[in-house]
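Have a look at the picture below, then read on.

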Amino acid sequence: MTATLIAPPAPPAPATQVTPGTLPSRPVLRIAPSRGADRVRSLARRAGFACEPEHGPAGTGSVVVVVAADAEQALRGGRDAGRLLLVCDTVSRPGLLLALRTGAVVLKTADLTEETLAAAVRRAAHPHPSIPYPELSHLLTATPGGGEPVADVRPPALTARQMSVLRLLAEGHANAGIARLLDCSEHTVKNVIYEIMGRLQARNRAHAVAQAVRHGLV
């Protein structure tokens, strides 16, 4: 007698649990209707982002994209800056400071491409406490307004080799790339970077670049 064994049916897979406040790896965009919104929507779709309908409430966790003429005016209009990306023609220093304080991400219309839009969306969806170098440079080099004091501090003196390494560091080169471009060893580059950090009283490489920008060295 042959016994036939029948395996019990597999239990149904549990439904995917989504923790409130979290975002999928590819966030959905809610692009507010305005002049220039069609171009942003086209670039977003080419970059692989889904876009919600223009009308109706925004989905939970969606990144809201607003195209505006001026970042400061857009943020001072009482808009909720949660997961907000502003694409603006004009980004003043006060506007950029306001965006950083409220957690919004700002992208200049002149810099708008498929790649820059995708990077800005990722930053808006997953906020990080660091400040991107272009924004940091703009904050440190722009003329302060509203009576803000300007520190009168002489820039620290750096040698020609230190300046060469610093410029390449500011351009984003790693130690190996700097060594190759300056025809020296990586060990030498590391030593020079430590010297630069000491001269600029910097905690790390990024802080050294920020200090260099503040002093007008790069």
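## Strands side by side

How many bridges join E2 to strand E3? There are 6, and E2 and E3 (residues 84–90) run parallel. Strands here are DSSP runs of at least two residues, and helices are H or I runs of at least four, both numbered from the N terminus. Two strands pair if DSSP finds at least two bridges between them.

E2 also pairs with strand E1 (residues 29–31), again in the parallel sense, over 3 bridges. Isoleucine 31 has valine 65 in E2 as its bridge partner, while alanine 68 stands opposite cysteine 88 in E3. Strand E2 (residues 63–70) is mostly covered, with 6 of its 8 residues buried. Buried means under 20% relative accessible area, exposed over 50%, and partly exposed in between (1.4 Å probe, protein chains only).

## Salt bridges

The structure holds 4 salt bridges, each a side-chain nitrogen of Lys or Arg within 4 Å of a carboxyl oxygen of Asp or Glu. One of them joins arginine 30 to glutamate 52, with the closest N and O atoms 3.9 Å apart. This pair links distant parts of the chain, 22 residues apart.

Another joins arginine 41 and aspartate 38 at 3.0 Å, N to O. Arginine 41 is buried at 9%, whereas aspartate 38 is exposed at 58%.

## About the model

This is a predicted model: local features need pLDDT of at least 70, side-chain atom pairs count only at pLDDT 80 or more, and totals for chains, interfaces and linings use all residues. Residues are numbered from 1 along each chain as its sequence is written, and side-chain values use heavy atoms, leaving out hydrogens and water.
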